[in-house]
Amino acid sequence: MSSPTQALFANRWLPVLLVTPLALLIVIFFYVPIFQAFYWSFFLERPFGGGSIFVGWANFARVLSDPQFWEAGKRTVIFMVIGSSLAVLVPLILAVAADRQLRLSQPARNVLVWPKGVAGASIGVIFAFIFNPFAGILSPLNQWFPGIWAPGIDGTDAFIMLIAAHVWSGIPFNFVILLAGLQSLPRTMHQAAAMDGAGAWRRIFDVQLPLIMPQVFLTLVLEFTESVTSAFALVDTMTKGGPGGSTNLLVYKIYVDGFNGYDLSGAATQTAILMVFVVLLTGAQFAFLGRRINYER
Amino acid sequence: MNAIDTAIRAAASAIMLDKVSKSYDGTTEVIPPLDAELRAGEFTVVLGPSGCGKSTLMQMIAGLERVSGGTISFGTRQVQDLEPKQRGCAMVFQNYALYPHMSVFDNIAYSLKVAGMPKPERVERVEAVAKMLGLFDLLARKPGQLSGGQRQRVAIGRAIVREPGVLLFDEPLSNLDAQLRHDMRMELAELHRRIGATTVFVTHDQVEAMTLADRILILNKGRIEQFDTPKTIYHQPASVFVAKFIGAPPMNIVPVTGNGKVLRLADGQVMAECPVFGAYQLGIRPEDILLGGGPIKANLRYREDLGSHTILAADLGGNVLRIATPFGADIGTEAHLSLTFPPARLHLFDAETGRVVPGAFSQ
């Protein structure tokens, strides 16, 4: 079978040449480090380099028996579930509104995409300021109810702050994907539902949402995997894992263990575990969710 | 006849369009004020070229577009300000617009569900409709698993399950292949005979219009060119536009000049006797032209043998003249044709307005 992509390139080496830079980037900066992490997780590494000893599963036994690892893992899962859900739900609401051609939806579409251009660390710095208990937008609360908003002391407040920043940074991409999904629905689909007597709200739940499930699923999968890793910049700039370790997510713990604590083997082992977790998670999502939303347009 | 048929027949209501107009920007009128009465239970085909406003007209009847002026009544009820769901009309869309994530059953039942009909009653209604349309065995399937004709039937089922007073079709057959289109045409005609719903059917296909319609409303640039039975429209077209739009091949139209006695072509050849003066357009259908031994001379340029009949294209004083000859007719091989235009089959149109000049050839 000759597919159109084969006919596109007359020279058989051209496609290879075009793919090489990206492939190299992925291999050098993703597959090699990951492979290294797996490799190191079976060795005991000296903190300042120079020789390592093969220890088999000893690193895993040590990490898995560490209550702090499980604590961080639990926080990661909570962050992932709440953060990802909100990071899809909020853009979904915005996308539905923008799709309805409400007043100002055109400028809103542009404005909502802008955060895409802001780096995670910058978002962290900005949100740390926004949520600052003395100078931020919630500081008046503290004037009326002293101590109600204290992300520097209260772990829950810090966690909420972290999630808010994460959701905000996730809006642009998910918004674009979901809006594109909504706008790809044929106009007659809305008209048919209107003729069937369904009002605007009913159409959202009966027609629009079920039909953009592929896009919702896509954003959810990406969010789940990304929330595990990309939270690092936020944690690092906003809370440093504090207060009292309440925002110490696994990805941040790995960094601290490895580069502050010089427990390179432990960090590599946790990286390997985290990696396996993400892979399994994505696989499970495809297996359970993906099957239910398959339909032919 | 089952309960659904009876209910639809009883619900069928006339549609009155009174000075209905549509303009999107307030200055250019897509549809200038338009009056028409579509009788209860009648199958009306709205026919016109693309961009003539026929879909807009239908959307206004459906309530998917607001009218810019005038009133629309279903029976005695004014509906132009009502939401689609309050109007009691149903619509079959060109691309069917079936809900891909719902089963055939749910597609058909959706409007009943929205209306809050209890489940047992819903099931009964959907099954009755499904049986009528031959969809009973497909109720559990998703639209993606159906053929084009089956999807079409689901779309129709979804429309009639509510027992609408008015049934609207927006070019429903244009996505089907030729064979299926033919079959669906027959099915639609049969369905209409059974349920007797007031039906408005928008199309640009004259064959669909001729075969399905009780009356055809021909629309040109938002104006009604003619609104009459297929037979009248074919044999007594009200304008050049209608004459050219209906019939395959369409009616021949040649410019002529009258001197009070006869009509002549620009090159002087006499076409017919007629006591008029000035510029006119003369029309004659390809199948009404008689071959052999007539006074009118034309040069044969091209012939298309279609088996059942042959279409000849001839040059008549610089105009293309199409002649449809009956099966078995001896056409011969000569390049020079001698033709007769029977006066009773001629149509005279005003050169400027394009409207027919009635009684021009009835001496």
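Start with the sheet of 6 strands in chain B of this predicted model. Select the strands in the order S6-S7-S8-S3-S9-S10. The sheet is open, and its pairing is mixed. Now colour strand S6 (89-92) and strand S10 (223-228) of chain B. Both stand at the edges. Each has a single partner strand, so one side of each is left without a neighbour in the sheet. Look at how the strands are turned.

Which residue of S10(B) is the bridge partner of Asn220(B)? Click on Arg223(B) to see that partner.

**A second sheet**

Next, select the 4 strands S17-S16-S15-S18 of chain B, in that order. They form an open sheet with antiparallel pairing. Which strands stand at the edges here? Strand S17 (319-325) and strand S18 (336-340) of chain B do. Each has a single partner strand, so one side of each lacks a neighbour in the sheet. From one strand to the next, the twist averages 50 degrees.

Zoom in on strand S16 (residues 310-316) of chain B beside S17(B). The two pair in the antiparallel sense over 7 bridges. Pick out Leu316(B) and its bridge partner in S17(B), Asn319(B).

**A hairpin**

Move to strand S1 (residues 15-23) and strand S2 (residues 29-38) of chain B. How many bridges pair them? There are 6, and the sense is antiparallel. Show Val20(B): Leu34(B) in S2(B) stands opposite. Then follow the hairpin between the strands, where there are 5 residues. Stop at Gly26(B), which takes a positive phi near 90 degrees.

**The nonpolar core**

Now for the largest nonpolar core, with 161 residues. Select Val46(B), Ile61(B) and Leu168(B), which touch the most other members. In soluble globular proteins, nonpolar side chains tend to be buried together.

Centre on Leu168(B). What does Leu168(B) touch, leaving aside residues up to four places away in sequence? Show Met58(B), Ile61(B) and Ala62(B).

**Two crossing helices**

Switch to chain A. Select helix H11 (residues 213-238) and helix H12 (residues 250-260) of chain A. They pack at an angle of about 65 degrees, with their axes 7 Å apart. H11(A) and H12(A) are therefore roughly perpendicular to each other. Show the contact residues. From H11(A), take Val228(A), Thr229(A), Ala231(A), Phe232(A), Val235(A) and Asp236(A). From H12(A), take Val251(A), Tyr252(A) and Tyr255(A). Colour them by class: 7 are nonpolar, 1 is polar and 1 is charged.

**Where the chains meet**

Finish with both chains on screen. Their contact takes 17 residues from chain A and 18 residues from chain B. Select helix H9 (187-195) and helix H10 (200-211) of chain A. Each supplies at least two residues of the side of chain A that touches chain B. Which element gives the most to that side? H9(A) does, with 6 residues. What kinds of residue make up this side of chain A? Count 10 nonpolar, 3 polar and 4 charged.

Note on methods:
Residues numbered from 1 in each chain as written. Chains lettered and ligands numbered in written order. Predicted model: local features only at pLDDT ≥ 70, side-chain atom pairs only at ≥ 80, totals over all residues. Core = buried A, V, L, I, M, F, W, Y, C linked by C-beta atoms within 7 Å. Buried ≥ 20, exposed ≤ 12 C-beta atoms within 10 Å, placed from the backbone. Contact = placed C-beta atoms within 7 Å. Pairing = 2+ DSSP bridges. Nonpolar A, V, L, I, M, F, W, Y, C, P; charged D, E, K, R; others polar. Axes fitted to C-alpha atoms, helices over the stretch in contact; angles between N-to-C directions. Parallel < 35°, antiparallel > 145°, perpendicular 65-115°, else oblique.
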